[in-house]
Amino acid sequence: MANVVATDSRLGRFVETPIGGDVVRAFVPPPLPPRPPIDILSLLPHLSLAERALGRLDGITMLLPRQELFLYMYVRKEAVLSSQIEGTQSTLTDLLRFETEAQAGQPIDDIREVSNYVDAMMYGLERLTELPLSLRLIREMHARLLENGRGETKSPGEFRRSQNWIGGTRPGNALFVPPPVTELDACLGAFENFMHEDQSRLPALIKAGLLHVQFETIHPFLDGNGRIGRLLVTLYLCVHGVLRRPLLYLSLYLKTHRADYYRLLQEVRERGAWEPWLEFFLDGVAETANQAFDAAARIADLFKGDREKITAESDRAGSALRVHELLQRHPFMTAGQLVERTGLSMPTVNAALADLERLGIVEEVTGRRRGRVFGYRGYLAILGEGTDPLPAET
């Protein structure tokens with residue numbers, strides 16, 4: 001086994017590793033922070049825009065009548081997008097209908113993977129109240145992520161004990177080969193140290209961008225690295241007070257700009273080009289926060305406008321408003337669920353639903369006579385923006 005050590009300290013080193021008849025050059029990244037240090041001055045305009053956008057987002061969520069409602073839905077949107085980047089074809093509609101126990105349109109494994117992502121994310125956020133952001137917490141979230149899905153054979157909750165690779169059909173023709181198992185503990189130890197250090201005095205947003213790339217480069221799991229690496233950004237920003245609520249999710253931005261994303265990751269590894277990556281990352285934070293701000297404002301306006309429409313135009317405003325209230329929390333519901341949760345009779349619920357359909361607020365989505373499912377049209381349209389599955393790679 002021979003090491004090739006790069007002269008520039010921003011560059012990593014390659015370790016020649018035999019795998020199944022191939023000898024591959026596995027990449028070992030240098031510890032963070034980068035040396036020479038990040039040129040913060042060149043990033044200040046991008047950092048300022050990102051911080052301002054996050055401030056606006058935090059502000060509007062404080063004004064929303066139900067912050068937890070927006071969070072509930074936004075987490076699910078992120079789960080869908082993050083899983084699509086990994087190749088699932090589920091949509092937000094599929095996930096929400098799956099959770100409503102309605103008939104699902106996509107393969108159940110796809111939806112279960114997305115549902116596991118929601119579970120891993122919420123588990124991580126709750127666990128932060130008693131455990132620091134750490135390798136232990138990352139492993140625990142990973143175990144939830146890969147539970148009962150296609151990844152359950154890929155060592156859920158355990159760092160890998162064999163070589164993995166990115167791109168290509170085998171390590172010998174891979175696009176990128178992460179650190180060998182013999183280097184993994186040292187890489188992860190340095191990664192965890194950087195999560196908790198404050199000597200570098202780097203802004204939390206910059207550190208989040210550095211940590212994301214380092215995690216993707218170390219690629220410590222056999223499966224689920226991308227999803228955990230994206231989730232890490234939001235958790236880190238919450239821990240450091242940049243976000244009061246976990247409402248920043250970059251998957252839509254990374255899905256939209258995925259060619260640039262993969263190119264910039266590779267340029268960090270090959271050339272130590274951290275600044276172009278950080279510009280891209282900070283611009284993504286600003287764009288994503290502004291989109292979430294816009295969505296929150298439009299959702300608040302939609303709820304208010306629909307309440308006013310029901311009050312003014314419904315023949316049974318009292319029961320229709322109660323049904324509308326529940327659909328804000330669960331935008332897909334069956335008549336039976338509405339009866340159970342409102343305490344209204346089935347004839348009253350059916351009459352209220354008919355009224356809401358007439359007003360264009362809800363629509364029946366199954367086309368069935370029994371077990372019908374009703375969706376909150378305008379709300380689902382805003383939430384679903386950008387969540388069509390990625391086209392198949394050609």
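This is a predicted model: local features need pLDDT of at least 70, side-chain atom pairs count only at pLDDT 80 or more; totals for chains, interfaces and linings use all residues.

**Helix, backbone and rings**

Student: What span should helix 12 have, and how far apart are its end C-alpha atoms?
Tutor: Helix 12 comprises 13 residues, 317-329; helices here are DSSP runs of H or I with at least four residues, strands are runs of E with at least two, and both are numbered from the N terminus. The expected span is 1.5 Å times one less than the number of residues.

Student: Which residues of helix 12 are buried?
Tutor: Buried means under 20% relative accessible area, exposed means over 50%, and partly exposed lies in between (1.4 Å probe, protein chains only). An α-helix has 3.6 residues a turn, so residues three or four places apart point the same way. The buried residues of helix 12 are Ser-319, Ala-320, Val-323, His-324, Leu-326, Leu-327 and Gln-328.

Student: Is His-219 buried or exposed?
Tutor: His-219 is found in the loop between helix 7 and helix 8 (225-239). Its phi is positive, about 50°, although His-219 is not a glycine. With a relative accessible area of 14%, His-219 is buried.

Student: Is Arg-201 buried or exposed?
Tutor: Arg-201 lies in the loop between helix 6 (181-196) and helix 7 (204-218). This residue, which is other than glycine, also has a positive phi, near 55°. The relative accessible area of Arg-201 is 76%, so Arg-201 is exposed.

Student: How is the pair of Tyr-261 and Tyr-262 classed?
Tutor: The structure holds 13 aromatic pairs, where rings of Phe, Tyr and Trp (its six-membered ring) pair if their centres lie within 6.5 Å; planes under 30 degrees apart count as stacked, over 60 as edge-to-face and the rest as tilted. The centres of the Tyr-261 and Tyr-262 rings are 5.3 Å apart and their planes stand at 45°, so the pair is tilted.

Student: Which residues form the aromatic cluster that includes Tyr-261?
Tutor: Tyr-261 is buried, with a relative accessible area of 2%, whereas Tyr-262 is partly exposed at 43%. The one cluster holding both is formed by Tyr-253, Tyr-261, Tyr-262, Trp-277, Phe-280 and Phe-281.

Methods. Residues are numbered from 1 along each chain as its sequence is written. Side-chain values use heavy atoms; hydrogens and water are left out.
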